[in-house]
Amino acid sequence: MARFHLHLLSDSTGETLEMIAKAALAQFDDSDVLRHFWPMVRSQQHLDRIMGEIASNPGLVFYTLVNEETRGRLEERCQALGLPALAVLDGVTDALEALLGQEAKGRPGRQHRLDDAYFARVDAIQFTIAHDDGIAWEEWEEADIVLAGVSRTSKTPTSIYLANRGYKVANIPIVVESPPPPALYGLKRPMVVGLTTAPERLIQVRRNRLLSLSQSPDTDYVQAEKVESELKYARRMFADNSWPVIDVTRRSIEETAAAVINLYNERRAAGVQGQVGPKPI
């Protein structure tokens, strides 16, 4: 496939635009794309400088610009160069305007304003970092979600991703030789979710982890029988306590987090409180 240039212009941080472009490109195999990222485009002078780079590297232009003059200037220049330019959020904004009967505010970076939701997200991130890997279990009742699973089942990265979405998350490693604290089985507010994976995949991940730490990959940590025993122990714990279980074998962190959020929303909609336990193993 021929290489092409993709220019991303935003009048804010460009995070939304990058995510949209990434999601769209994921639908195409072997796409050879050179991405050019231009955030905080809020003046004609800045745009003019960028247009020189776009002219030197012609390609597709995606943008999220709310200022009408800046948008018009960009579209005019791209048309003169014969380049396609797409306002990626216009369709969504137009649909919302029609539904809500009001015009969009047209302010750059409104999703990043320092409101209550922003500070709640910061609080969630701080809580999650402070309650990683079984730390401070006495405060788990303050969490929204508790993730449980054997070592290397993506508990920490999933927790951090969820925290960035505003959820307070704690996570606990399930270790046969060191059972979780009894508090885990009596939680009322948080939803406990078990994470599991295929033994073969877990062995591979653990082996790679040991190699990255320059440690011997020949230990009980990656021994097939030991790994299968760990997973069986964890699955029995999940089943005995009626905790929902997510198999992360073929899921990305984002997909696992999305599944957790769906479970959380279903639980809230049903008005469920507390766990079935306590049923420690």
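A search of the whole structure finds nine salt bridges, a salt bridge being a side-chain nitrogen of Lys or Arg within 4 Å of a carboxyl oxygen of Asp or Glu. The model is a predicted one, in which local features need pLDDT of at least 70 and side-chain atom pairs count only at pLDDT 80 or more, whereas totals for chains, interfaces and linings use all residues. Residues are numbered from 1 along each chain as its sequence is written, and side-chain values use heavy atoms, with hydrogens and water left out.

One of these bridges joins the side chains of Arg 71 and Asp 90, with 2.7 Å from N to O. Because Arg 71 lies in helix α3 (residues 68-81) and Asp 90 in helix α4 (residues 90-100), the pair ties together parts that are 19 residues apart in sequence; helices here are DSSP runs of H or I with at least four residues, strands are runs of E with at least two, and both are numbered from the N terminus. Arg 71 is buried at a relative accessible area of 13%, while Asp 90, at 27%, is partly exposed. In these terms buried means under 20% relative accessible area, exposed means over 50%, and partly exposed is in between, as computed with a 1.4 Å probe on protein chains only.

A salt bridge also forms between Asp 144 and Arg 189, whose closest N and O atoms are 2.9 Å apart. This pair links distant parts of the chain, since Asp 144 sits in the loop between α5 (116-130) and β5 (145-149) and Arg 189 in the loop between β6 (169-173) and β7 (191-196), 45 residues apart. Asp 144 is buried, with a relative accessible area of 10%, whereas Arg 189 is partly exposed at 39%.

Within helix α8 (residues 224-240), Lys 226 and Glu 230 are four residues apart and therefore separated by about one helical turn. They form a salt bridge in which the closest N and O atoms are 3.6 Å apart. Lys 226 is partly exposed, with a relative accessible area of 26%, and Glu 230 is buried, with 8%.

Arg 206 leads on to helix α7, where Arg 206 is buried along with Pro 199, Leu 202, Ile 203 and Leu 210. Seen down the axis of α7, the buried residues fall within an arc of 100°, so they line one face of the helix; the arc is that of the directions from the helix axis to the C-beta atoms. These buried residues pack against α8, contact meaning heavy atoms within 4.5 Å. On the other side of α7, Glu 200 and Ser 212 are exposed. The helix has 14 residues (199-212) and reaches 20 Å from its first C-alpha to its last, close to the 20 Å expected at 1.5 Å a residue, where the expected span is 1.5 Å times one less than the number of residues.
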